Amino acid sequence: MTNQATTHRTPAWASSIAAVLRFLVHSNLFISLSTVSVVVTTVRLAEFPLEPLPLFIVFAVTMFVYTVNRFTDLEEDEQNVPRRAAFTKRYGRLWLAAGVALYVAAIAIAVALGLPGAVYMFLPLAVVLLYSVGGVKRVFLVKNLVVGFAWGAIPLGVGYYYDRLASVEILFLFAYVTVMITIAAVIFDVKDIEGDRAENIPTVPNLFGPRATRLASLVATVAVAAAVVVLVASGIVPTEFLVVLAMNAYVCAYIPFATPDRGPLYYGFVVDGEHVFLAAVVLALEWLVW
């Protein structure tokens, strides 16, 4: 009798879905959707009217910043995420042109409409230079904090746009997003251990290992959840803000699986999808309950 090896093939539909997700991640469309989701969450929880301009501005800025970063990190990506590096080499100039065009258009619209604080739209360019060219990423934990504060600036920008910058809701979301994205940025470094070591970039996973990184991130995520409960229980933050705990649960669910061998789709879609998930929960609860 002839022994025949069983060949396991990935179904065509699964390969197609993976290809679409990979395109969304590599092109920075998904990460741009994630930052737009932060705007949606902020607007709905703060009970502002949802307007298209803030959504467009954040989408445009994100596309510009992350596409530039793809080029400045190309050498590291060739070792850490070769498929993303190959995508950047093949299509990067096209997406960079689109990112620059969107960023310039967003600035032009803000200036034309006389939006207060339009000058602050040049801050993302400063962040790009600081992070990618200024050597910030080579300082332990600083690069994670830069990413955290950059995302935390989104609720602040929304508050500025609606003239409610100093409101409790905006300040809470600024702090919450900053801390949660900093945690996510630390987890993201797990997949880049080999490349970061080659480039002499100190990270939490490099210095303490993936397991310790996961444990510390879990503790931090639970601590943030506890802080949210305390703020709501004390009446400082409205009860509706307990909805953010859904994202804490989401983060606690993905952290145990964050290992160096996980593919870029895990980090680029699952991890980066945390704010898309939260926005979806906020909109669903608004429709069902609030």
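How many nonpolar, polar and charged residues does the lining of the largest cavity have? The legends below take up this point and others in a predicted model.

**Figure 1. Lining of the largest cavity, by residue class and by helix.** The lining has 3 nonpolar, 6 polar and 1 charged residues. It is formed by His26, Ser27, Asn28, Thr67, Arg70, Phe71, Phe87, Thr88, Gly92 and Trp95. Two helices, α3 (52-72) and α5 (82-112), each contribute at least two of the lining residues. The greatest contribution comes from α5, with 4 residues.

Figure 2. At least two lining residues come from each of α2 (29-45), α8 (168-188) and α14 (274-288). By class, 5 of the residues are nonpolar and 3 are polar, and no charged residues are present.

**Figure 3. Packing of helices α2 and α14.** A packed pair of helices is described by the angle between the two axes and the distance between them. For α2 and α14, the angle is about 35 degrees and the axes lie 8 Å apart. The two helices cross in a left-handed manner. On the side of α2, the contact is made by Phe30, Leu33, Ser34, Ser37, Val38, Val40, Thr41, Arg44 and Leu45. On the side of α14, His275, Val276, Leu278, Ala279, Val282, Leu283 and Glu286 take part. Together, the contact residues divide into 10 nonpolar, 4 polar and 2 charged.

Figure 4. The side chains of Lys89 and Glu78 form a salt bridge, with a distance of 2.5 Å from N to O. Lys89 belongs to helix α5 and Glu78 to helix α4 (residues 74-80), and the pair, 11 residues apart, links distant parts of the chain. A search of the whole structure gives 5 salt bridges. Helix α5, which carries Lys89, is also the helix that gives the most to the lining of the largest cavity.

Terms used. Residues numbered from 1 in each chain as written. Predicted model: local features only at pLDDT ≥ 70, side-chain atom pairs only at ≥ 80, totals over all residues. Heavy atoms only, no water. 1 Å grid on protein atoms, 1.4 Å probe; cavity = no way out; pocket = protein on both sides within 12 Å on 5 of 7 lines; lining within 4 Å. Nonpolar A, V, L, I, M, F, W, Y, C, P; charged D, E, K, R; others polar. Axes fitted to C-alpha atoms, helices over the stretch in contact; angles between N-to-C directions. Left-handed = near helix turned anticlockwise from the far one by under 90°. Contact = heavy atoms within 4.5 Å. Salt bridge = Lys/Arg side-chain N within 4 Å of Asp/Glu carboxyl O.
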